[in-house]
Amino acid sequence: MTNNLSSQKQQLFDRWAPNYDWIFPSVVYQAIHKRLLEYVKLPNQSNILDLGCGTGRLLDRLAVKFPHLRATGLDFSAEMLRQARCHNRHHPRLIYVQGNAEALPFADGQFDAVFNTLSFLHYSKPEEVFSEVRRVLYPGGHFYLVDPTVRRQAESQYIAVSPGGIRLYSPEAREQLGRNVELCCLGHHYLLGPILLTIFAKPAV
């Protein structure tokens, strides 16, 4: 993502942040998260990462369901992170940091699971995001990708609704992104309408 485009996206989300949970009704997120949690399996004492964490709603729900997890939320919007920190009921188990999904500020193999919910569509370099996810995953760890999808015939679909637009990926296109970095696709699950969960695994050593 170019510096100019990244700056425009950051400004957009900074403006949205104070009212984000009203702009995108919490009842929709709640339904998506509830369905997602049905598929999540985490080891005891797990350490997880939420890319594009926004206001922290998903991590809050994960922290309730898995009381022993530790988690980091990453977002490029300072205002989104401010909202997340203000509503953080699980500090210090949950922390929030600013960063870029295409160049994650974390060590290799640091996380047991990585989540990316309704934000992958904004990334201009999806291959680099997948590469970084694989790098920071512990061997045997899972990547939970949740985003709207498109039919196979389209493979991907560009929609100009924000700076740089958004791009939606078919199940097959997601699988290919995973294969390119040696992440194994474990399956696809529709959560709500066109919202598709794809689960990947990093091969165990």
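Reader: Which residues have the most contacts inside the largest nonpolar core?
Author: A nonpolar core is a set of buried Ala, Val, Leu, Ile, Met, Phe, Trp, Tyr and Cys residues joined through side-chain atoms within 4.5 Å. Buried means under 20% relative accessible area (1.4 Å probe, protein chains only). Here the largest such core has 28 residues, and Leu36, Val40, Ile48, Leu62, Leu69, Phe115 and Tyr144 have the most contacts inside it. This is a predicted model: local features need pLDDT of at least 70, side-chain atom pairs count only at pLDDT 80 or more, and totals for chains, interfaces and linings use all residues. Residues are numbered from 1 along each chain as its sequence is written, and side-chain values use heavy atoms, without hydrogens and water.

Reader: What is Ile48 in contact with, leaving aside its neighbours within four places in sequence?
Author: Contact means heavy atoms within 4.5 Å. For Ile48 the list includes Leu59, Leu62, Leu69, Phe111 and Phe115. Another core, of 23 residues, lies apart from the largest one; Val129, Val133, Val181 and Phe200 are among its members.

Reader: How many bridges join S2 to S3?
Author: S2 (residues 70-75) and S3 run parallel, joined by 5 bridges. Ala71 stands opposite Leu94 in S3.

Notes: Buried < 20%, exposed > 50% of the residue type's maximum accessible area, 1.4 Å probe, protein only. Pairing = 2+ DSSP bridges. Helix = DSSP H or I, 4+ residues; strand = E, 2+ residues; numbered from the N terminus.
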